[in-house]
Amino acid sequence: MYVKKITLTLALLCSITFFSQVKIGGVVVDEQNKTIPFTNVVFINSTVGTVSDENGKFYLESDKNFSEVEVSFIGYETKKITIKKRDLNLRIVLKEADNQLDEVVVYSGKTKKKGNPAIAILKKIWAKKHRNGMRLFDQYEYEKYEKVEFDMNNIDSAMMKRKIFKSMEFIFENIDTSRITGKTYLPIFINESVHKSYGNNKTKKKREDLVANKTSGFDNNQYIISFIKDLYVDYDIYDNYIKIFDKSFVSPLSKTGVSTYNYVLTDSAFIDNKWCYNILYYPRRKNELTFKGDFWVNDSTYAVKEINMQANKSANINWVKDIYIEQNFDVLNDSVFLLKRDYIMSDFSIGKKDKAKGVYGKRTTMYKDYEFDDDKGEEFYKKEADIYAEEIYEKADDYWAENRQEKLNKNEFGIYKMLDTLSTLPKFKKMYNIISILGSGYIEMNNFDFGPIFSTIGTNAVEGTRLRIGGRTYFGRNDLWRIQAYTAYGFKDNQFKYGISGKWLIDKKNRVILGLGNRRDIEQIGVSLTTTNDILGRSFASSSFFSSGDNSKLTSINLTNAFVSIEPKKNLIFKIAASYRTLKSASPTFNLDYFDKDGSIQSDISQVETNISIRYTPNLKTIGYGVERGEVDSRHPTFFLNYSKGIKGVLNSDFDYSKIQFYYRQPILVGGFGRTFTTFEVGKTFGEVPLGLLNVVPGNQSYFNIENTYSLLDYYEFTTDTYASLHLEHNFNGRFFSRIPLLRKLNLREIIGLKAVTGTISDENVAMNAPAFSALPLSSLNPELIAPKNKPYIEYSAGIGNIFKVFRVDFIWRGTYRDVPNVNNFGIKGSFGFYF
């Protein structure tokens with residue numbers, strides 16, 4: 001949701017031009033007027049150059065006063081042309097050359113692998129990649145300066161004259177021109193930070209302390225920062241794959257690169273007194289996750305000195321028009337090259353046309369003051385600096401002037417003043433509030449948020465049309481306490497429902513939180529194998545606008561829960577809770593009846609339960625330090641272990657039982673073959689309990705995919721007291737569709753899946769719940785089959801994603817239990833989502 005809010009906020013903020021000495025752009029074509037992709041364009045007598053894109057277009061600028069460029073490509077005569085200081089409409093025509101080179105065969109721009117001197121150099125890079133940089137030392141430390149920036153691009157006079165910007169024209173005083181794309185842009189957000197980083201190559205331990213932080217300010221600035229940092233995770237150009245936007249791009253230095261890229265040795269020169277070779281590379285095929293660009297590599301260490309990478313424009317990524325990466329390395333001595341500067345820029349845009357307006361997301365990282373082999377000891381890496389200390393965020397201007405490793409330009413300096421002024425304007429505040437409502441779902445009203453508005457109306461078979469209103473206290477993102485509440489009314493059952501909960505963070509260091517709440521409502525229980533007692537968690541009871549089959553198997557629940565949680569280690573959360581609930585059927589066509597010890601039929605359940613749980617998500621990134629935090633990535637594994645104890649007799653509680661549940665979810669990036677999600681759940685209930693306390697295999701009666709449910713199962717089709725469940729899903733990210741000519745331009749993505757569950761239910765629980773089973777789907781069969789005991793229930797799927805960039809459709813088949821009457825053996829379900 002925070003991505004949606006950020007995108008909308010930045011779109012709100014979507015001439016004066018500052019010129020560098022030389023600025024050129026245009027297109028390279030052949031004599032038949034066909035564009036030539038991936039041509040090398042270089043200022044003569046320099047190492048400053050670029051590579052044209054797959055449409056032959058290029059842009060190049062420099063602060064130096066060059067007057068000539070050289071344009072070259074394999075199979076064509078090299079051409080030198082005189083240039084003006086500013087010419088963005090060049091049309092450069094190359095003539096085909098006589099085929100004089102024996103070592104390279106020219107055919108459709110592809111190069112030979114055998115005998116190619118560029119590949120010979122590449123092999124030496126592979127051989128020595130572990131003998132360069134910080135890998136050579138046992139321990140290391142350095143100072144890091146990081147700048148995160150958002151800029152709105154393609155600013156033109158028509159845009160500046162729009163009514164929406166009336167009374168806010170001053171924001172356009174900071175317009176600049178990109179040295180990479182040549183587009184005009186307006187800086188609208190900037191964050192700077194200084195870190196002290198430490199690492200131990202032997203133990204693989206790392207620690208990074210935030211020393212200083214400065215931000216231009218909106219209330220959601222921390223989400224913007226984390227949004228960019230989450231997208232641009234750290235990468236190593238020597239790895240086979242570079243991960244950006246949760247996609248695996250083939251690195252130009254990869255050992256698999258020779259089957260993905262064409263390589264050309266184009267030049268050699270001294271760079272910082274080191275003799276280096278220049279190698280140009282470009283992709284062999286379209287629509288794959290690849291780059292084009294060039295790199296300079298030292299002739300003795302075979303360490304990369306400079307590299308630039310620009311993503312293939314036809315790469316299967318949504319909402320991103322361009323990705324550009326630069327890295328520069330410093331020479332420590334003759335054998336050690338260390339990263340000095342890392343720059344990455346993406347152009348986020350709805351369309352991919354050149355004139356489409358969008359937003360640049362930039363991250364610049366600078367490194368200095370490297371030190372090595374100072375062993376800090378194991379205890380050092382167990383400690384964490386206090387990132388919320390006030391002095392971190394209150395550094396004076398003199399500090400920043402001294403510690404910025406890269407100076408801000410005039411327009412970047414202007415962002416701080418511009419945003420401070422902008423945030424005081426009533427018109428801007430009004431627009432910002434609208435964006436905030438769409439992003440968060442809440443309407444802000446003087447320390448109280450009304451919402452979520454997207455849950456206002458619903459429907460189901462018991463309540464009919466349902467209206468819901470609610471809200472929460474909200475003084476800021478880092479509130480130490482928060483109260484949430486709602487009330488709802490069903491026009492068919494004519495009943496009011498409500499829920500209220502409160503949480504209080506009493507210890508920020510160890511994140512000790514106390515919580516208490518109560519909910520009386522209609523609920524669809526059995527939609528998740530691994531259960532929690534979250535008072536205001538998601539409810540499926542009022543979602544039958546888009547459901548199929550019988551939606552009447554609903555339960556009336558009265559739940560009171562109290563808990564205390566603690567986080568002694570980052571992302572390791574222990575929680576102890578106690579709850580009291582009553583359950584009864586909310587529908588005349590569904591019951592929770594069971595036999596008690598005397599053989600009488602009972603319909604209501606009263607139960608006291610205590611539980612202790614552990615949740616661990618290593619390396620998860622979070623936002624804020626209040627009682628509620630935001631989570632900004634999903635690439636890390638999640639482990640969840642819960643033990644529950646039902647206590648009979650307390651508050652007239654009905655049952656004694658124990659329940660243990662384990663949940664594990666692991667996303668896995670599989671190189672260039674996409675991404676796999678695995679979810680594994682196991683659990684067991686010890687003791688005799690009624691249907692309302694058993695483990696129901698979660699069905700899905702909606703027309704849409706719902707995570708952790710079985711798409712072709714109805715509610716209560718299988719019930720267990722012991723279970724094991726496995727979900728596997730793999731997204732190939734268009735790996736195969738990109739090779740099919742008729743499908744290539746659609747950027748579709750292939751998805752396959754497998755779900756399986758096995759389980760048992762004891763004879764005692766079968767006998768106890770006989771009255772309830774009479775109303776369940778498998779009642780006409782042997783009661784033993786109520787649980788998938790003799791064979792697991794399996795369903796498998798094949799899907800197509802990225803339809804119109806936001807829609808996915810899955811085709812699902814039952815693999816087992818196909819002969820059961822009145823069940824679906826095949827189904828089609830869809831889902832919407834915002835994915836790169």
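Predicted model: local features only at pLDDT ≥ 70, side-chain atom pairs only at ≥ 80, totals over all residues.

Student: Let's begin with isoleucine 36. Why is isoleucine 36 called buried?

Tutor: Its relative accessibility is 3%. Buried means under 20%, so isoleucine 36 counts as buried. This residue is found in the loop between strand E1 (22-30) and E2.

Student: Which residues is isoleucine 36 in contact with, leaving aside its neighbours within four places in sequence?

Tutor: They are Val28, Val29, Asp30, Ser52, Gly56, Phe73, Tyr76 and Leu94. Contact here means heavy atoms within 4.5 Å.

Student: What makes E2 and E3 a pair?

Tutor: At least two bridges are needed for two strands to pair, and strand E2 (residues 40-43) is joined to E3 by 3 bridges, running antiparallel. In one of these contacts between strands, valine 42 has glycine 49 in E3 as its bridge partner.

Student: And why is one side of E3 left without a neighbour in the sheet?

Tutor: The order of the 4 strands in this open sheet is E3-E2-E5-E6, with antiparallel pairing. Strand E3 (49-51) and strand E6 (79-82) are at the edges and have a single partner strand each, so one side of each lacks a neighbour in the sheet.

Student: Now to E16. How do you know that strand E16 is largely enclosed by the rest of the structure?

Tutor: Count its buried residues: 8 of the 8 in E16 (residues 291-298) are buried, so the strand is largely enclosed. Phe291, Gly293, Phe295 and Val297 point one way, while Lys292, Asp294, Trp296 and Asn298 point the other way, and all are buried.

Student: What are the bridge counts that pair E16 with E15 and E17?

Tutor: Strand E15 (residues 274-283) pairs with E16 over 6 bridges in the antiparallel sense, and 7 bridges join E16 to strand E17 (residues 304-311), also antiparallel. Since pairing requires at least two bridges, both count as pairs. E16 and E17 form a hairpin with 5 residues between them, and tyrosine 302 in the turn has a positive phi of about 55 degrees.

Student: Where does Phe295 stand in the largest nonpolar core?

Tutor: That core has 79 residues, and Phe295 is among those with the most contacts inside it, as is Phe291. Another core, of 24 residues, lies apart from it and includes Phe38 and Phe73.

Terms used. Residues numbered from 1 in each chain as written. Heavy atoms only, no water. Buried < 20%, exposed > 50% of the residue type's maximum accessible area, 1.4 Å probe, protein only. Helix = DSSP H or I, 4+ residues; strand = E, 2+ residues; numbered from the N terminus. Core = buried A, V, L, I, M, F, W, Y, C linked by side-chain atoms within 4.5 Å.
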